[in-house]
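Take a look at the chain below.

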Amino acid sequence: MRKRTWLLVGLALWWCLTPVRVWGVSTSASAAVLMDADTGQVLFDHNGGRRMLIASTTKIMTALVALERASPTDVITVKQEHMTEGSSMYLKPGERVTVEELLYGLLLCSGNDAAEALADGCGGTASFVRRMNGLAGELGMEDTSFENPSGLDGQAHYSTARDMARLAAYAAGNHTFVRLCSTRSVTIGGRTMTNHNRLLRAVPGCIGMKTGYTRAAGRTLVSAAERDGRRLVAVTLQDGNDWADHAALYDWGFAQPAGQETADHRREDTP
């Protein structure tokens, strides 16, 4: 009897000391965060502090730094060294294209060539990447390091779901960025480009952001949505079911009362 009593006491202590998971949503992601973009409140967090590869979601930061350093009407001449591996908007050396056209190619087509052209044309790649890391520091992205403007895998190129949510919340306040990344299709400079982000068509109130994929990173996705004047951002890293997961996160998140703290919104698994 005494042994059973001590067992019950032990279970009671474990229950009291273990955070209670009360949210009614889950994802297939290795890491995921849902954040209120206006207040910074984290509504859902699964491994949000784990450093991971982020692939082309990097291009959110690339676009923001380009918008800091150049006007959309500025013209950049494409060089051979801007041609790189991975996704492309199919630039040609010698072409003269506006910053706006490059930004569409960056955010809709996920063009690595657009990323290289923007970085080189906006002060040089080394300076541009330094500014990417500088802005990350200003935004409190303490577990983030950028090595290039495209998101190609690198040892010094990583972030976390939590940091990327901070970046997305900041980006959601930039009207030019939102206009660009929420565009479903555009014809500019003789090119027609279609946005890779299916959430723009599938999720009510979605205002865009950025997809990403490399073999090492898996599928990465950063998105934002607005309903009834409230704006949320979602991040999933290494998630083979990201479209459905973001839709579920938004349906759940917008159903929560604004400003209400969510008990045990964080969970960290060991790598």
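## Ground rules

Two residues are in contact when heavy atoms lie within 4.5 Å. With that rule, K210 is in contact with S56, T57, K59, I60, L106, L107, S110, T220, L221 and V222, leaving aside its neighbours within four places in sequence.

This is a predicted model, in which local features need pLDDT of at least 70, side-chain atom pairs count only at pLDDT 80 or more, and totals for chains, interfaces and linings use all residues. Residues are numbered from 1 along each chain as its sequence is written, and side-chain values use heavy atoms, with hydrogens and water left out.

## The chain as a whole

The protein chain has nine helices and ten strands. These are DSSP runs, numbered from the N terminus: helices are H or I runs of at least four residues, and strands are E runs of at least two.

Of the 271 residues in the protein chain, 53% are buried. Buried means under 20% relative accessible area, exposed means over 50%, and partly exposed is in between, using a 1.4 Å probe and protein chains only. Residues 24 or more positions apart account for 62% of them.

## The nonpolar cores

A nonpolar core is a set of buried Ala, Val, Leu, Ile, Met, Phe, Trp, Tyr and Cys residues joined through side-chain atoms within 4.5 Å. In soluble globular proteins, nonpolar side chains tend to be buried together. Here the largest core holds 63 residues. Which of them touch the most other members? They are M61, L102, L103, F177 and M209.

F177 shows the packing. Leaving aside neighbours within four places in sequence, F177 is in contact with I60, A63, L64, L67, L107, A171 and M209. Apart from this core lies another one, of 19 residues, among them A225, A234, W252 and F254.

## Helix α2

Helix α2 spans residues 59-69. It is mostly covered, with nine of its eleven residues buried. The buried ones are K59, I60, M61, T62, A63, L64, V65, A66 and L67.

## Helix α5

Helix α5 covers residues 125-138. Its expected span is 1.5 Å times one less than its number of residues. For 14 residues that gives 20 Å, and the end C-alpha atoms are 20 Å apart, so the two agree.

Residues F128, V129, R131, M132, L135 and A136 of α5 are buried. They cover an arc of only 155° around the axis, so they sit on the same side of α5. The arc is that of the directions from the helix axis to the C-beta atoms. On the other side of α5, A126, R130, G137 and E138 are exposed. What covers the buried residues of α5 includes α2, α4 and α6 (161-171). After α5 comes G140, whose phi is positive, near 80°.

K210 lies in strand β7, residues 206-214. At 1% relative accessibility, K210 is buried. UniProt, in an unreviewed entry, places the feature "binding site" at K210. UniProt positions are given in the numbering used here, feature names are shortened, and annotations may be inferred rather than shown by experiment.

The side chain of K210 makes a polar contact with the side chain of S110, at 2.9 Å. A polar contact is a pair of N or O atoms within 3.5 Å; within protein, one must be able to donate a hydrogen and the other to accept it, and residues adjacent in sequence count only if both atoms are side-chain atoms. S110 is found in the loop between α3 (99-107) and α4 (112-121). Is S110 buried or exposed? S110 is buried, with a relative accessible area of 5%. Not counting residues up to four places away in sequence, S110 touches S56, K59, S87, S88, G105, H196 and K210.

## Loop residues

Most residues other than glycine have a negative phi. S110 is not a glycine, yet has a positive phi of about 60°. N47 also has a positive phi, near 55°. N47 sits in the loop between β2 (42-46) and α2, and is buried at 1% relative accessible area.

N148 lies in the loop between α5 and α6. At 12% relative accessibility, N148 is buried. Leaving aside neighbours within four places in sequence, N148 is in contact with T58, V129, M132 and H157. A polar atom of the N148 side chain lies 3.0 Å from the backbone oxygen of L152. N148 and K59 are 89 residues apart along the chain, but their C-alpha atoms are separated by 9.7 Å.
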